[in-house]
Amino acid sequence: MIFETHAHYDDEKFDEDRAELLSSMQENGIGRIINVSANLESLENTRKLMEAYPFIYGAFGLHPDEVGDLNEDVMARMRELCRMEKAVAVGEIGLDYYWDKENHEKQEYWFRRQIALAREEKLPMIIHSREAAADTLRVMKEEKSEEIGGVIHCFSYSVEMAEEYLKMGFYLGIGGVLTFKNAKKLKEVAAIAPLSQIVLETDCPYMAPEPNRGRRNSSLNLPYVAEALAQIKGITAEEVIAVTEENAKRLLFRA
Ligand code: NI
């Protein structure tokens, strides 16, 4: 079954029909879901989802746009959450120079602190990096992130940058963008990356694939991403689903 490695079901865009939508996942081939926290509120909301649904697991961390809310008390709470049975990753963490909500020094400081949290709690990381390619790679190398591992979520950089992360043993998170006509760069990346280092993700409610581009996204759209990846790899969508599920289990369950 499809392993969804990056969703935000605590987002208010799901307030209307969250329970109904989540209860339809399994019958539609979505096996497991990682709900990824991003802001302060979503830490506890991710915990609640993880506790309420057997197939939902949690990632705990603060997005670079949200690190203004980070302090030692929040770090201590994040550590407690990371120790819960169904906590599988630290994330999403990283650098974002596109929205640039927090200054770069502050983003980098809290990125390093959260990398240290992942190392100490022996959890993989879910990395968010937007328009910050060089600094993200520099920080990750300085922090010896290859010893920790994880996913570069919504991968948006060049083939050369992909090769750096693949060499470090990281997985690339690939979602709806792969189905866009103008996604030439990501299609090149998907072609060179070994299938054994790719995981499927939505980033829902954002990034819906074709033919639903622009609408609210959900994990139910992942078959379109699997199909697009299958075409690039010259294999079936079933193979893509099976291999990426095994990849996600190996990375997140350390199985
Ligand atoms: Ni996200």
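Student: What does Ile33 touch, leaving out residues up to four places away in sequence?
Tutor: Ile33 touches Glu4, Ala7, Tyr9, Leu22, Met25, Phe55, Ile56, Tyr57 and Ser219. Contact here is heavy atoms within 4.5 Å. This is a predicted model: local features need pLDDT of at least 70, side-chain atom pairs count only at pLDDT 80 or more, and totals for chains, interfaces and linings use all residues. Residues are numbered from 1 along each chain as its sequence is written, and side-chain values use heavy atoms, with hydrogens and water left out.

Student: Which residues touch the most other members of the largest nonpolar core?
Tutor: Tyr9, Ile33, Phe155 and Tyr165, out of 75 residues in that core. A nonpolar core is a set of buried Ala, Val, Leu, Ile, Met, Phe, Trp, Tyr and Cys joined through side-chain atoms within 4.5 Å. Buried means under 20% relative accessible area, exposed over 50%, partly exposed in between (1.4 Å probe, protein chains only).

Student: Which helix gives this core its largest share?
Tutor: Helix α8, residues 222-233, with six residues. Helices (H or I, at least four residues) and strands (E, at least two) are DSSP runs, numbered from the N terminus.

Student: What lies apart from that core?
Tutor: Another core, of 14 residues. Val36, Ala59, Val88 and Ala89 are among them.

Student: New topic, the sheet. What is its strand order?
Tutor: β1-β2-β3-β4-β5-β6-β7-β8, eight strands in an open sheet with parallel pairing. Two strands pair if DSSP finds at least two bridges between them.

Student: Which are the edge strands?
Tutor: β1 (2-7) and β8 (198-200), each pairing on one side only. Neighbouring strands in this sheet are turned by 30° against each other on average, direction ignored. Axes are lines fitted to C-alpha atoms, for helices over the stretch in contact, and angles run from 0 to 180 degrees between N-to-C directions.

Student: How many bridges join β2 to β3?
Tutor: Four; β2 covers residues 30-36, and the two strands run parallel. Strand β3 (residues 56-59) is covered on both faces. Ile56 and Gly58 are buried on one side, Tyr57 and Ala59 on the other.

Student: And how many bridges for β5 with β6?
Tutor: Three, in the parallel sense, between residues 125-130 and residues 150-152. Met125 stands opposite Gly150 in β6.

Student: Which strands does α4 touch?
Tutor: Helix α4 (residues 104-121) packs on the sheet and touches β4 (87-96) and β5. Its direction makes about 160° with that of β4. Helix α5 (residues 133-142) lies across β4, β5 and β6, at about 150° to β5.

Student: Glu108, buried or exposed?
Tutor: Buried, at 17% relative accessible area. Glu108 is found in helix α4. Beyond its neighbours within four places in sequence, Glu108 contacts Leu95, Arg138 and Val139.

Student: Now the metal. Which residues are the protein donors of the nickel ion?
Tutor: His6 (NE2), His8 (NE2), Glu92 (OE) and Asp203 (OD), lying 2.1 to 2.2 Å from the ion. Donors are N, O and S atoms within 2.8 Å of the metal (3.2 Å for Na, K and Ca); water is not among the atoms, so sites may look incomplete.

Student: Why is the site irregular?
Tutor: The angles among the four donor atoms run from 87 to 173°. Tetrahedral needs all angles between 85 and 135 degrees; square planar (four donors) and octahedral (six) need opposite donors over 155 degrees apart and all others between 65 and 115; anything else is irregular.

Student: How are the donor residues spaced in sequence?
Tutor: As H-x1-H-x83-E-x110-D. His6 lies in β1 and Glu92 in β4, so this pair ties together parts 86 residues apart in sequence. His6 is buried at 0% relative accessible area, and Glu92 is buried at 3%.

Student: What about phi of Asp203?
Tutor: Near 65°, a positive value in a residue other than glycine. Asp203 sits in the loop between β8 and α8 and counts as buried at 11% relative accessibility.

Student: Which peptide bonds are cis?
Tutor: Cys204 to Pro205 is cis, with omega near 20°. Glu210 to Pro211 is cis too, with omega near 5°. Pro205 is in the loop between β8 and α8, and Pro211 lies in the loop between β8 and α8 as well.
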